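Hello,

Here is the structure I promised to pass on to you. Please have a look at it first, and then read on for my notes.

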Amino acid sequence: METAQHCRNSLQSPLQELLQTRLARLNVHQVFPTALAQAMADCANALPGPVEGIAITVLAAAASCAGTHAQIFIKKSSNYKQPCLLRTLLVGNTGQLKTPLQNIALEPLNRLEKEALERHQKEIKAYKKALAQTSDDQEPPEMPKRERHLLIDVTPEKLIKVHAESKLS
């Protein structure tokens, strides 16, 4: 019984500290460039919603745009670096504007994705036309690959395929 009480007592202080940290707010002006930080703060205030929802989405999007060839120095003095891979999660109760915050942050990528899809559809038409005009003794044209900027609800298999085709991988 004494051991259990000792365990409870030893965990109480660290758990209280952890619970206090969840009440702290992110100061985006300390983390992001001034113009980006101000834009995120303005958007969050306009909704109104927590700026952390935009910030975590921007951070994940920026990392995915950087690709796996980009590396982050974990400890510059030791030259310890890792690929720029981030896994993020935005958690909140219903009605805390998680989706609208993410939509604000992802709008530029959604626009790029739409433009890339339109280009790809034109390239596929041209590819099919060129393929139909290719004779048996000619090398067939290379099938165009779609440029991707945003993946949502994707299977691990599809993610691997898209990553393998990416110019950034």
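In which helix is the place of N103? N103 sits in helix α5; helices here are DSSP runs of H or I with at least four residues, and strands are E runs of at least two, numbered from the N terminus. Before going further, please keep in mind that this is a predicted model, where local features need pLDDT of at least 70, side-chain atom pairs count only at pLDDT 80 or more, and totals for chains, interfaces and linings use all residues. Residues are numbered from 1 along each chain as its sequence is written, and side-chain values use heavy atoms, with hydrogens and water left out.

Back to N103: it counts as partly exposed because its relative accessibility is 44% (buried means under 20% relative accessible area, exposed over 50%, and partly exposed in between, with a 1.4 Å probe and protein chains only). N103 lies 95 residues from R8 in sequence, and their C-alpha atoms are 42 Å apart in space.

Helix α5 also holds H120, which counts as buried because its relative accessibility is 14%. Setting aside neighbours within four places in sequence, H120 is in contact with P144, K145 and R146 (contact means heavy atoms within 4.5 Å). D153 and S64 are 89 residues apart along the chain, and 15 Å separates their C-alpha atoms.

Now to helix α4. Its 16 residues, 51–66, should span 22 Å at 1.5 Å a residue, and this agrees with its end C-alpha atoms, which are 22 Å apart (the expected span is 1.5 Å times one less than the number of residues). The buried residues of α4 are V51, G53, I54, A55, T57, V58, A61 and A63, and they pack against α2 (28–31), α3 (34–46) and α5 (98–132). After α4 comes G67, with a positive phi near 80°.

V51 also belongs to the largest nonpolar core, which has 12 residues, I54, A55, V58, L101 and A105 among them. (Such a core is a set of buried Ala, Val, Leu, Ile, Met, Phe, Trp, Tyr and Cys residues joined through side-chain atoms within 4.5 Å.) Two or more residues of this core come from each of α3, α4 and α5. Not counting residues up to four places away in sequence, V51 touches R25, L26, V28, M40, A41 and A44.

Finally, the pockets. On a 1 Å grid over the protein atoms alone, a pocket is an open set of points where a 1.4 Å probe fits, with protein on both sides within 12 Å along at least five of seven lines, and lining residues have an atom within 4 Å of a point. The largest pocket is lined by 43 residues, and S64, H149, L150, L151 and L159 lie nearest its centre. The elements that give two or more residues to this lining are α4, α5 and α6 (156–165).

The second largest pocket has a lining of 12 residues, of which R25, P50, E52, V91 and Q96 lie nearest its centre. Here α4 and α5 each supply at least two residues of the lining.
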